[in-house]
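Me: I have a chain open and want a quick rundown. Can you take my questions as they come?

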Amino acid sequence: MLSVLQNPRQAAAQLLNFGLILSTAFMMWKGLSVIADSPSPIVVVLSGSMEPAFQRGDLLFLWNRNWFEETKVGEIVVYNVKGKDIPIVHRVVRKFGVGDEAQLLTKGDNNVADDTELYARGQDYLVRKDIIGSVVAYIPFVGYVTILLSEHPWLKTVMLGIMGLVVVLQRE
């Protein structure tokens, strides 16, 4: 640690390396968002409402398919509810109409009732602009780290501190 303090050029290079890693990750995320045409191209399943199709902690990859075809009944979509920050992963069970004005009704595979209780006040159906994307692939349980970090906020601080120390203390 003392050698880092004695050589400010090396410390600055290591901090720049750390910033480069963070900016590269951000650029990859934004690039993936543009390619998938989705503000959030990767999401984590936070609840058991879609079991057995998806388990809590599964990492889902989204694609905003409606460039080529419309959302179909049976398709698993991720949508945002007005006034809530957490996206919801559920299956389309009914569709009324066609095009951008089509009304969609969703339901979790493991839920008894449809999602009308989850929608915003006064909203009975979803429309296309509510949907973030359709699920095209997933990796089981990889997103469980995200769940742990959201349930235990102090872990974020510990992990960032460890990552920062590793970058600063590494030898080149």
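Reply: What follows covers the model, its fold, its overall dimensions and its strand pairing.

Me: What kind of model is it?
Reply: It is a predicted model, where local features need pLDDT of at least 70, side-chain atom pairs count only at pLDDT 80 or more, and totals for chains, interfaces and linings use all residues. Residues are numbered from 1 along each chain as its sequence is written, and side-chain values use heavy atoms, with hydrogens and water left out.

Me: How many helices and strands?
Reply: The protein has 4 helices and 6 strands, taken as DSSP runs numbered from the N terminus (helices H or I, at least four residues; strands E, at least two). Their order along the sequence is α-α-β-β-β-β-β-β-α-α.

Me: What's the radius of gyration?
Reply: The protein has 21 Å, while a compact globule of 172 residues would have a value near 16 Å. That is taken over C-alpha atoms, and the globule rule is 2.2 Å times the number of residues to the power 0.38. The C-alpha box along the principal axes is roughly 70 × 30 × 30 Å.

Me: What share is buried?
Reply: 31% of the 172 residues, with buried meaning under 20% relative accessible area (1.4 Å probe, protein chains only).

Me: Now strands. Which way do S1 and S2 pair?
Reply: Strand S1 (residues 42–44) and strand S2 (residues 59–63) are antiparallel, with 3 bridges; pairing requires at least two DSSP bridges between the strands. Val43 has Leu60 in S2 as its bridge partner.

Me: And what joins S2 to S6?
Reply: 5 bridges, with S2 and strand S6 (residues 131–139) running antiparallel. Leu59 is bridged to Ile139 in S6.

Technical notes:
Buried < 20%, exposed > 50% of the residue type's maximum accessible area, 1.4 Å probe, protein only.
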